[in-house]
Amino acid sequence: MPSSSATRNPFTAVETPAVGVVLENLCKDFGTLKVLKNVSFSVDPGEIFVLMGPSGSGKSVMLKQIVGLEPPTSGRVLIDGRDATDPATREHVRMALVFQSGALFNSLSVFDNLALYPREHRIASEADIRTKVMHALQIISLQDTAQKYPAELSGGMKKRVAIARALVMEPQLMLYDEPTSELDPVTSAAISEIIATLKEEYHVTTIVVSHDRDLAFNIADRIGLLLGGELIFNGSPAELRASQDPRITDFLNPKIDLKNPRFKKLAS
Ligand SMILES: Nc1ncnc2c1ncn2[C@@H]1O[C@H](COP(=O)(O)OP(=O)(O)OP(=O)(O)O)[C@@H](O)[C@H]1O
Ligand SMILES: [Mg+2]
């Protein structure tokens, strides 16, 4: 087990200081559309922070801000104390984003998808890349798929391969966008377990964006709830469960009103 303040590289076992993330008064507009409204929170080194919120509330936009893919309108994101939009930050902190779609290359085998980043960046010999890729596949229990193509995999397998591909970047910070969407509860639980294991074994600082209540309550150290671009809650899973704020209870336990004319129409 790594010490609580260090991330252990899954391939070399070398420990580096775990990194924290701080968002300060982050605002993001697209033209007149205000997507993120003064959002502030911090993620401690080695912690799992799950950001929940309804569709369109700005979760994916927030992840892009955190990894520095898009500049904020105002405010800032600090990763290990450095501005996320500064290219030097990416050299200082290894981070990997697992996209909502998985974003695997369909024309490449699973092995080649995982090998792409280290090959392009020439960060290891072909033999070392092979060892690393097979180890990453072993961590997610998909060694047998190395020669398969994404089209031959189930949705759950693709999500796991996308996680393995991120892992090959030896991240100190992992970000996941909806890692369990479109998956059945058993497969979702398996993905949650992988995310939790990466945190426990390697102490990777983790930010997960998800609607999945089970995932959030099972693996989060802390949960944030984004509503209409504002962070209306930031606390432990127990605090979220205990909240009496109607905006939160409505989000966690949405009521279906069968008397709503929309449903009447469907039923007739
Ligand atoms: N590049 C962009 N240009 C203009 N508007 C954008 C852009 N990216 C996102 N938006 C808008 O920002 C809002 C939030 O989008 P975002 O993708 O962050 O939602 P989300 O919370 O991730 O939703 P979901 O749960 O459906 O993935 C939406 O209204 C979306 O149309
Ligand atoms: Mg999204």
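This is a predicted model: local features need pLDDT of at least 70, side-chain atom pairs count only at pLDDT 80 or more; totals for chains, interfaces and linings use all residues.
Where they meet, ten residues of domain 1 are in contact with twelve residues of domain 2. Which element gives the largest share of the side of domain 1 that touches domain 2? The answer is helix α6, residues 185–202, with three residues. By class, that side of domain 1 has seven nonpolar residues, one polar residue and two charged residues.

Helix α6 also has a helix as a partner. Its axis and that of helix α5, residues 155–167, come within 10 Å and cross at roughly 10 degrees. For the student members of the audience, this crossing angle makes α5 roughly parallel to α6. On the α5 side, the contact is made by G156, K159, R160 and I163. On the α6 side, T187, I191 and I194 take part. This contact of α5 with α6 contains three nonpolar, two polar and two charged residues.

I turn now to the sheets. One is an open sheet of four strands in the order β4-β3-β6-β7, with antiparallel pairing. Strands β4 and β7 (82–83) stand at the edges with a single partner strand each, so one side of each has no neighbour in the sheet. Within this sheet, strand β3, residues 21–30, is joined to β4 by seven bridges, and the two run antiparallel. F30, for example, has L33 in β4 as its bridge partner. The hairpin of β3 and β4 has two residues between the strands, and there G31 takes a positive phi near 60 degrees. Strand β3 is also joined to strand β6, residues 74–79, by five bridges, again in the antiparallel sense. Here L23 has V77 in β6 as its bridge partner.

The other sheet I wish to describe is also open. Six strands form it in the order β8-β9-β10-β5-β11-β12, and the pairing is mixed. At its edges stand β8 (95–98) and β12 (230–235); each has a single partner strand, so one side of each is left without a neighbour. From one strand to the next, the twist averages 15 degrees. As an example of the pairing, strand β5, residues 48–52, and strand β10, residues 205–209, pair in the parallel sense over four bridges. Within that pair, I48 stands opposite T206 in β10.

Finally, I come to ligand 1. Which residues are around ligand 1? They are F30, L33, V35, G53, S55, G56, S57, G58, K59, S60 and V61. Of the elements, α1 gives the most, with three residues. By class, the shell around ligand 1 has four nonpolar residues, six polar residues and one charged residue.

Helix α6 gives the largest share of the side of domain 1 that touches domain 2, and helix α1 gives the most to the shell around ligand 1. Thank you for your attention.

Technical notes. Residues are numbered from 1 along each chain as its sequence is written. Chains are lettered from A and ligands numbered from 1 in the order in which they are written. Two residues are in contact if their C-beta atoms, placed from the backbone, lie within 7 Å. Ala, Val, Leu, Ile, Met, Phe, Trp, Tyr, Cys and Pro count as nonpolar, Asp, Glu, Lys and Arg as charged, and the others, Gly among them, as polar. A residue is near a molecule or strand if its C-beta atom, placed from the backbone, lies within 6 Å of it. Two strands pair if DSSP finds at least two bridges between them. Axes are lines fitted to C-alpha atoms, for helices over the stretch in contact, and angles run from 0 to 180 degrees between N-to-C directions. Angles under 35 degrees count as roughly parallel, over 145 as roughly antiparallel, 65 to 115 as roughly perpendicular and the rest as oblique.
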